[in-house]
Amino acid sequence: MIQNILKQLNADFVLVNDEAVVSLSKTIQMYFQNHYYMDFVSNLPIEEEYRTLVNKNSDSFDDGSFYGVLLGCFIAISHETSGNSDWNDPDLDHKLELLAAVDEYFPTPLNSISKLIRLHHALYLRDLKLAGSLIRQMQTDYSDPVNSQVITLVKYLDLKLANEQYDTSRAYQLIPIIRSELIKDKNYRRLFNLDQLEAIYFMLTGNYMQAEKSLSDLQTSLLSIDPTIEQERILENRIWCALMTRRFEECLDLIAQREAICPVDPESNAIFRPYCQYRLNPEADHKHEEEELLALRKICARDNKNSQKGIDVLLELVKGRKKTFFSKCLSFINQLFRQQHYQVADFFIQAGFDEAERQNLYDVMYQFEKLHQAIDSISS
């Protein structure tokens with residue numbers, strides 16, 4: 001339709017090139033196949049070819065431009081969701097808005113791939129409302145066998161959303177369905193990631209020992225392969241299991257293992273080291289822990305207010321400012337509830353409860369216990 005309008009306007013700068021459109025369409029579907037099977041190496045030549053295409057046609061517009069936008073968004077979001085910052089597209093938000101306006105004009109299955117890209121991005125930004133809306137729309141619109149792999153990925157991302165929302169009943173229903181479909185497609189690498197999502201499900205239900213067993217088995221199976229990003233994610237989840245079961249010495253050991261393969265990250269589990277050290281000896285002088293938290297605070301991303309606030313709460317604890325700690329901790333937990341960050345909230349509930357129990361403050365313990373019950377009711 002756009003092509004016809006431009007022709008009527010005698011826009012001779014517009015190149016009509018059906019061959020280019022067909023070629024880009026095939027490239028996008030090939031990129032999707034590799035993405036589905038998590039074959040990132042096979043996508044590297046496609047990404048390099050795309051860079052060349054963009055540099056060559058940076059000032060031109062033709063009927064393949066929207067296909068180029070679709071491929072560019074797919075590449076950017078694949079890097080974004082994998083934690084790889086090598087591919088930075090400052091115009092990504094604008095391009096995603098463009099996709100949202102035109103994806104219904106793409107042929108099947110490119111229209112479903114376009115929505116899948118926006119779903120990935122919504123989950124990355126934790127825009128849970130938009131993610132839920134896109135999932136419902138895609139489950140309704142794309143039931144055709146042609147889109148079977150897209151639908152499997154939608155279910156996979158729905159499981160991620162269910163974990164984010166503490167919706168354990170939905171997660172319980174999705175896991176065996178997704179597992180069956182991935183086995184049918186011989187998609188073993190994504191099955192490995194599904195096992196990690198299942199471990200997170202166990203964590204959300206409070207079954208930390210089962211989660212720890214699953215994660216430990218996964219880590220052992222990876223040692224011969226050594227994909228660093230996967231090792232890092234497994235360790236982060238194992239740290240969480242140890243933390244929530246109050247195995248503080250083991251937690252410190254796991255944090256050391258994680259930092260041996262990647263830099264200190266204040267927005268990850270690095271902030272739990274000073275907390276564990278405090279818990280192992282609460283009566284000691286915690287100047288070192290205070291300095292460590294302040295150092296993490298300095299390198300924390302300015303736009304990550306939650307990480308900054310979490311560090312501030314723990315600073316009050318290690319400084320021995322108990323009343324301020326309880327006040328800030330409760331305020332932060334309520335903020336996390338509003339943002340649906342229930343898992344992080346559960347840690348601060350436990351931290352507050354344990355400190356109140358240590359000081360025999362039963363009325364404060366009761367406040368934290370009520371918040372813990374609220375999380376239990378959400379997960380059930």
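Asp167 is partly exposed, with a relative accessible area of 24%, where partly exposed lies between buried (under 20% relative accessible area) and exposed (over 50%), for a 1.4 Å probe and protein chains only. Asp167 pairs with Arg170 in a salt bridge whose closest N and O atoms are 2.7 Å apart; a salt bridge is a side-chain nitrogen of Lys or Arg within 4 Å of a carboxyl oxygen of Asp or Glu. The model is predicted, and local features need pLDDT of at least 70, side-chain atom pairs count only at pLDDT 80 or more, and totals for chains, interfaces and linings use all residues. Residues are numbered from 1 along each chain as its sequence is written, and side-chain values use heavy atoms, with hydrogens and water left out.

The protein contains 19 helices and 0 strands. These elements are DSSP runs numbered from the N terminus, with helices (H or I) of at least four residues and strands (E) of at least two. Of the 380 residues in the protein, 51% are buried. The accessible surface comes to about 19100 Å², and carbon and sulfur atoms hold 51% of that surface; the areas were computed by the Shrake-Rupley method with a 1.4 Å probe, and for residues only the protein chains shown count as cover. Among contacts (heavy atoms within 4.5 Å) with a separation of 6 or more, 63% join residues 24 or more positions apart.

By the salt-bridge rule the count comes to 25. One of these joins the side chains of Arg238 and Glu212, at 2.8 Å from N to O. This pair links distant parts of the chain, with Arg238 in helix H12 (residues 228–244) and Glu212 in helix H11 (residues 208–222), 26 residues apart. Arg238 is buried at a relative accessible area of 12%, and Glu212 is buried at 9%.

Another salt bridge is formed by Arg279 and Glu355, with the closest N and O atoms 3.0 Å apart. Here too distant parts of the chain are linked: Arg279 lies in helix H14 and Glu355 in helix H18 (residues 342–358), 76 residues apart. Arg279 is buried, with a relative accessible area of 13%, and Glu355 is buried, with a value of 0%. Through shared partners, salt bridges join Arg279, Glu283, Lys322, Glu355 and Arg358 into one network.

Helix H14 (residues 272–280) is mostly covered, with 7 of its 9 residues buried. The buried residues of H14 are Phe272, Arg273, Pro274, Tyr275, Cys276, Tyr278 and Arg279. Cys276 has a relative accessible area of 0% and is therefore buried, and Cys251 is likewise buried at 0% relative accessibility. The sulfur of Cys251 has its closest cysteine sulfur in Cys276, 3.6 Å away, which is too far for a bond. Cys276 is in no disulfide, the nearest cysteine sulfur being that of Cys251 at 3.6 Å. With a disulfide taken as a pair of cysteine sulfur atoms within 2.5 Å, the count of disulfides comes to 0.

Helix H10 (residues 188–204) contains Arg190. Not counting residues up to four places away in sequence, Arg190 touches His35, Tyr36, Met38, Leu153, Tyr156 and Leu182. Leu197 is also found in helix H10 and is buried at 8% relative accessibility. With neighbours within four places in sequence left aside, Leu197 is in contact with Tyr156, Leu159, Lys160 and Asn163. The C-alpha atoms of Leu197 and Ala211 are separated by 9.9 Å, and these two residues are 14 residues apart along the chain.

In soluble globular proteins, nonpolar side chains tend to be buried together. The largest nonpolar core in the model has 114 residues, and those with the most contacts inside it are Leu119, Leu243, Ile333, Phe347, Phe348 and Phe368. Such a core is a set of buried Ala, Val, Leu, Ile, Met, Phe, Trp, Tyr and Cys residues joined through side-chain atoms within 4.5 Å. Leaving aside neighbours within four places in sequence, Phe347 is in contact with Trp240, Leu243, Met244, Phe272, Tyr275 and Leu314.
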